[in-house]
Amino acid sequence: MERLSTMHKIFIDGREGTTGLEIHERLKDRSDLELLQIPSESRKDPAVRREYVNAADVVITCLPDAAAKETVAMIENDRTRVLDPSTAHRTHPDFVYGVPELGKEQRLAISRARKVSNPGCHAVGFVALLYPLVK
């Protein structure tokens with residue numbers, strides 16, 4: 001029996017910036033993912049962005065904080081997951097802090113979360129060094 005595969009739809013909001021371009025480059029050749037891309041002439045149109053955000057299985061917000069908050073507020077379903085590398089949601093109670101090195105429970109929380117805040121490199125370095133001492 002042939003196994004049916006599901007192609008996950010990924011929308012990188014802010015794909016034109018350095019982080020967005022790098023993520024796009026790493027994902028573009030994967031056959032198990034469909035990268036949703038707004039036509040360049042429509043990328044500043046909030047209604048079009050909302051459409052793409054809600055069509056995606058995963059939205060990666062490669063945006064300044066205010067724009068990342070705006071994108072998250074556009075989600076109108078309980079299916080779309082968010083990975084936010086900005087600082088906008090790092091301490092927000094609806095987001096899981098994306099540091100799996102904090103332990104098995106944290107890895108499980110990240111894998112189940114609809115909203116994950118990806119900490120920056122300085123934060124990861126700091127937490128990774130101090131967490132074992134605090135624990």
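Modeller: Happy to. One definition to begin with: helices (H or I, at least four residues) and strands (E, at least two) are DSSP runs, numbered from the N terminus. This is a predicted model, so local features need pLDDT of at least 70 and side-chain atom pairs count only at pLDDT 80 or more, while totals for chains, interfaces and linings use all residues. Residues are numbered from 1 along each chain as its sequence is written, and side-chain values use heavy atoms, with hydrogens and water left out.

Biologist: Thanks! How many helices and strands does the chain have?

Modeller: There are five helices and six strands. Starting at the N terminus, the elements follow the order β-α-β-α-β-α-β-β-α-β-α. The C-alpha trace spans about 50 × 45 × 30 Å along its principal axes.

Biologist: In what order do the strands sit in the sheet?

Modeller: The six strands form an open sheet in the order E2-E1-E3-E4-E6-E5, with parallel pairing. Two strands pair if DSSP finds at least two bridges between them.

Biologist: And which strands stand at the edges?

Modeller: Those are E2 and strand E5 (96-97); each has a single partner strand, so one side of each is left without a neighbour in the sheet.

Biologist: Can you walk me through the bridges around E1?

Modeller: Strand E1 (residues 8-13) pairs with strand E2 (residues 33-36) in the parallel sense over four bridges. His8 has Leu33 as its bridge partner in E2, and Ile10 has Leu35 there. E1 is also joined by four bridges to strand E3 (residues 58-61), again running parallel, and Ile10 stands opposite Val58 in E3. Further along, E3 and E4 pair in the parallel sense over three bridges, with Ile60 partnered by Leu83 in E4.

Biologist: Which helix makes a β-α-β unit with E1 and E2?

Modeller: That's helix H1 (residues 18-27), and the unit is right-handed. Right-handed here means that, with the strands pointing away from the viewer, the path from the first strand over the helix to the second runs clockwise.

Biologist: Let's look at H1 residues. Is Leu27 buried or exposed?

Modeller: Leu27, in helix H1, counts as buried because its relative accessibility is 16%. The cut-offs are under 20% relative accessible area for buried, over 50% for exposed, and partly exposed in between (1.4 Å probe, protein chains only). Across the chain of 135 residues, buried ones make up 37%.

Biologist: What does Leu27 touch?

Modeller: Not counting residues up to four places away in sequence, Leu27 touches Ile10, Leu33, Leu35 and Ile60. Contact means heavy atoms within 4.5 Å. Leu27 and Ile10 are 17 residues apart along the chain, and their C-alpha atoms are separated by 9.2 Å.

Biologist: How about His24?

Modeller: His24 also lies in helix H1 and is buried, with a relative accessible area of 12%. Leaving out residues up to four places away in sequence, His24 touches Ile12, Arg15, Leu35 and Gln37.

Biologist: Switching topic: which residues touch the most other members in the largest nonpolar core?

Modeller: Phe11, Tyr52 and Val53 do, out of 13 residues in that core. Helix H2 (residues 46-55) gives the most to this core, with three residues. Apart from this core lies another, of seven residues, among them Ile10, Leu33, Leu35 and Ile60. A nonpolar core is a set of buried Ala, Val, Leu, Ile, Met, Phe, Trp, Tyr and Cys residues joined through side-chain atoms within 4.5 Å.

Biologist: Last one: which residues lie nearest the centre of the largest pocket?

Modeller: Ile10, Val58, Ile60, Arg81 and Leu83, out of 16 lining residues. On a 1 Å grid over the protein atoms alone, a pocket is an open set of points where a 1.4 Å probe fits, with protein on both sides within 12 Å along at least five of seven lines; lining residues have an atom within 4 Å of a point.

Biologist: Which element supplies the largest share of that lining?

Modeller: E4 does, with three residues.
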